[in-house]
Amino acid sequence: MAKSRGENGPRSPGPGGSLSGTRESLVPGPDAASAADELSSLGSDSEANGFAERRTDKFGFLVGAQGDPGALEEVPLEVLRQRESKWLDMLNSWDKWMAKKHKKIRLRCQKGIPPSLRGRAWQYLSGGKVKLQQNPGKFDELDLSPGDPKWLDVIERDLHRQFPFHEMFVSRGGHGQQDLFRVLKAYTLYRPEEGYCQAQAPVAAVLLMHMPAEQAFWCLVQICEKYLPGYYSEKLEAIQLDGEILFSLLHKVSPVAYKHLNKQKIDPILYMTEWFMCAFSRTLPWSSVLRVWDMFFCEGVKILFRVGLVLLKHSLGSSEKLKTCQGQYETMERLRTLNPKIMQETFLVQEVIELPVTERQIEREHLIQLRKWKDTRGELQYQSPPRLHGAKAISEAEPAPQKALEPSPSIRLPPGTQLPAPGTKSRQQKQAEKEHEKAMKEKAKRQKGQQQSPPQLSPGAHPQGLGPTADLAPKTARGAEDTDTKDSPHHSKESLTSQESEDTYL
């Protein structure tokens, strides 16, 4: 891929200031104690590097370092506070929102994540927070381990090339470069079969601008493994396949641009490698970069395809635009120095949202291009894991660990109370059971005695509460009823009980 532009950054260190391949070498030694004391009162790396008199913009870049950023989309303060409140509500019940209201999350990512919550939201969207919970202490373990000198030397040479005019990375050996070194070294130990790729450095640097090193590491892991698998492998086969997919989709989005690039025989790998591998962090104005990343973390790689197609369409998509780039060199220069108007935040984001390119189309084209690759070049040398299209797919593939429910006792005993062992009964329980059995036996005995000896009345005596006219009750019916009760072999216990209760009542 094209080398990152870093010639204007700070000079490389001399023999005494070289960063060796371990974390400890980035910490000043005893000889540097006096220098550290002198710089202890300085507030930022930019001040420590001699830029104390220069101001920074709201993104942390030295004013004027990015050129004219164009008209920035300023969100009214009241609207920004409302968005922050909504995002806090979502983040505090993230699993519920992701399961039932993912479309609302996508809409809010398209509007832009509030700056104060952007780093936290990226961790939730990418699944980096879940990854960190699943691997407690892993980053510290990798951070303290010595790395492979082969990769560490390359990482050291690339540190000063990453956003040299941002206040975090302007100072050689400052805290920004130290954290960047730690994150990149940890990844080479976490995935030694992949090692380090130069395009990972700007991606990690963007993450470090929004979150601590450990969280940035796990977000980088998710980007490399879930969003862009295979992009940073040795042969760069995945990015070449996506270049062919982009070119095929361009035929449908802008036939004029497709025809021109095909005529000039310009391979997609020549212009889209840095776009996709750095997620446009080295191509677009910073306000547009952040909006693209908000949507990228939510919706996946289709956002990168859409941004690339929009840039190609508005750079080469009409005969008027092609008048000034008739040859291959002029065409490549046009794509290297894109028109600021088409990269402006409001215009670009709206075009990206409206462009009808879906995950289904990308996967269909992926299968077609993979078949062509096998026919012409054979099997892929690096078998990357399947690509997951955004936060929803990642959350379904790697659900957050659920905390086990802990039983809370309904009866609180005073401290020091000894509970009986499982299966044993206390003295009170045994006594209560005995009393219950005794009461049941007495009740059964009374019922049995009532059945065997019904109460007999003396001649001329009347039941209590009944006058002499009660004797005129239909004895025939009563007698027939008693006969049926005695003679019927199917007389149930319930009927006896009901009859007893009736006799007792009378």
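Trainee: Which residues in the largest nonpolar core touch the most other members?

Mentor: They are Leu-207, Phe-217, Tyr-271, Phe-276 and Leu-311, in a core of 111 residues. Such a core is a set of buried Ala, Val, Leu, Ile, Met, Phe, Trp, Tyr and Cys residues joined through side-chain atoms within 4.5 Å, where buried means under 20% relative accessible area with a 1.4 Å probe, protein chains only. Helix 12 (residues 213–227) gives this core its largest share, 10 residues; helices are DSSP runs of H or I, at least four residues, numbered from the N terminus.

Trainee: What should I know about the source of the model?

Mentor: The model is predicted, so local features need pLDDT of at least 70 and side-chain atom pairs pLDDT 80 or more, while totals for chains, interfaces and linings use all residues. Residues are numbered from 1 along each chain as its sequence is written, and side-chain values use heavy atoms, without hydrogens and water.

Trainee: Which residues does Leu-311 touch, leaving out those up to four places away in sequence?

Mentor: Leu-311 has contacts with Trp-275, Phe-280, Leu-284, Leu-338, Ile-342, Met-343 and Leu-348, a contact being heavy atoms within 4.5 Å.

Trainee: How many helices and strands are there, and how much of the chain is buried?

Mentor: The chain has 26 helices and 0 strands, and 41% of its 506 residues are buried.

Trainee: Which residues of helix 6 meet helix 16?

Mentor: Arg-118, Trp-122, Leu-125 and Ser-126 do, against Leu-290, Trp-293, Asp-294, Phe-297 and Cys-298 of helix 16.

Notes. Helix = DSSP H or I, 4+ residues; strand = E, 2+ residues; numbered from the N terminus. Buried < 20%, exposed > 50% of the residue type's maximum accessible area, 1.4 Å probe, protein only.
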